[in-house]
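Please read the following note with the sequence and the model side by side. The points are numbered so that each can be checked in turn.

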Amino acid sequence: MLRPSPIRPSVDYNQDGVQHGFLRLPYSRDDSAWGAVMIPITVIRNGEGPTALLTGGNHGDEYEGPIALLKLANDLKPAKVSGRVIIVPAMNYPAFRAARRTSPIDAGNLNRIFPGRPDGSVTEKIADYFQRFLLPLADIVLDFHAGGRTLDFLPFAAAHELPDKEQESRCVAAMEAFNAPYSMKLLELDAVGMYDTAAEELGKIFVSTELGGGGSASARSVRIADRGVRNVLIHAGILEGEIDLEPTVRLAMPDDDCYIISTSEGVIEMCRDLGEEVEADQPVARIYPADRTGAEPVVYRARMGGLLVARHFPGMIKTGDCLAVIAVRQD
Ligand code: ZN
């Protein structure tokens, strides 16, 4: 028997039609005794069929997911659906409201805290509810990410290398259906505690994205999100219609050499922009000390050739920040 969660949904997951409601998470505090965190949720169901779980705001400063999912929740008609669509535009709702990556309540990074705990912190309780109550309902899971305030990405959909190759190929097929301008196969180096890992370990088809960054969304990145989520629902057999396919560039991030981490601090000069090619040993960025003239910059070189797919976004950088990510073309 499942231990209870303190989270109570105001929606019935088995009811046909459209329901807009909340996941109510009790959070008693100074400014609201017996108060609650109210996480918006929409359920759109039309009879038997597969279930898609669509999420944004896993990190609170990434916006393509929340925008595309708020629009979808308003627009999607049950008559066009076979099965069920569960939409949570802002999973880590306290972080989303604070425009922060992590929760202002407990500093929780929702994507590093799975499986969570029903008796833990607010962020752990959210993770636990997804782990034990929402993920088991889903056949296919789409989780939107972007770079947030400190990173900027080439727009890609991603699927992981998995031990179960049959599951991996179903995830890759869903990623290709999302059809972002770039399609990434990646080996996760820091997979413990991720929502991705929780979904994959339950055998689900899982697709994630990185659609931009800098703590905002562009018209282009939202168009990619809008089209991608519809394509994934059609691919899953839930939404009627034709998948809209455009050319995509296939990329892979196979190992640790993809990541360049800063070992100095100061002002960053990028030597390549997102999407540009770099050869092994060529400079990717220079970091100048901010407090003097006459000092040479520290030069950061690519450890492997490929495409620049992510960069540090703010103009200043610190030791330990992710400076750049390089991916290898697959075709
Ligand atoms: Zn994220």
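1. In what follows, Ala, Val, Leu, Ile, Met, Phe, Trp, Tyr, Cys and Pro count as nonpolar, Asp, Glu, Lys and Arg count as charged, and the others, Gly among them, count as polar. The model under review is a predicted one.

2. How is the lining of the largest pocket divided by class? The lining has 16 nonpolar, nine polar and nine charged residues. In total, 34 residues line this pocket, and Arg-101, Arg-112, Leu-151, Phe-153 and Glu-210 are the ones nearest its centre. The space within the largest pocket amounts to about 840 Å³. In general terms, empty space of this kind is found by rolling a probe the size of a water molecule over the atoms.

3. Which strands contribute to this lining? At least two residues of the lining come from each of strand E7 (151-153), strand E8 (156-160), strand E10 (205-210), E18 and strand E19 (322-329). Both domain 1 (8-252) and domain 2 (255-329) take part, since at least three lining residues are drawn from each.

4. An open sheet is formed by four strands in the order E16-E15-E13-E18, with antiparallel pairing. Strand E16 (298-301) and E18 are its edges; each has a single partner strand, so one side of each lacks a neighbour in the sheet. Within this sheet, four bridges connect E13 to strand E15 (residues 283-288), and Ile-268 faces Ile-287 in E15. Strand E13 (residues 266-270) is also joined by two bridges to strand E18 (residues 316-317), where Val-267 is opposite Met-316.

5. Strands E2 and E3 are likewise antiparallel, and ten bridges join them. Gly-21 has Ile-41 in E3 as its bridge partner. E3 also pairs with strand E5 (residues 83-88) in the antiparallel sense, over five bridges, and Val-43 is opposite Ile-86 in E5.

6. Most residues other than glycine have a negative phi, and most peptide bonds are trans. Trp-34, which is not glycine, has a positive phi near 60°; this residue is placed in the loop between strand E2 (17-26) and strand E3 (36-46). The peptide bond from Phe-114 to Pro-115 is cis, with omega near 10°, and Pro-115 is located in the loop between helix H2 (93-97) and helix H3 (122-134).

Notes. Residues are numbered from 1 along each chain as its sequence is written. This is a predicted model: local features need pLDDT of at least 70, side-chain atom pairs count only at pLDDT 80 or more; totals for chains, interfaces and linings use all residues. Side-chain values use heavy atoms; hydrogens and water are left out. Two strands pair if DSSP finds at least two bridges between them. On a 1 Å grid over the protein atoms alone, a cavity is a set of points where a 1.4 Å probe fits but cannot get out, and a pocket is an open set with protein on both sides within 12 Å along at least five of seven lines; lining residues have an atom within 4 Å of a point. Grid points are joined across faces, edges and corners, and a volume is the space filled by probe spheres set on the points. Domain bounds come from an automatic or database domain assignment.
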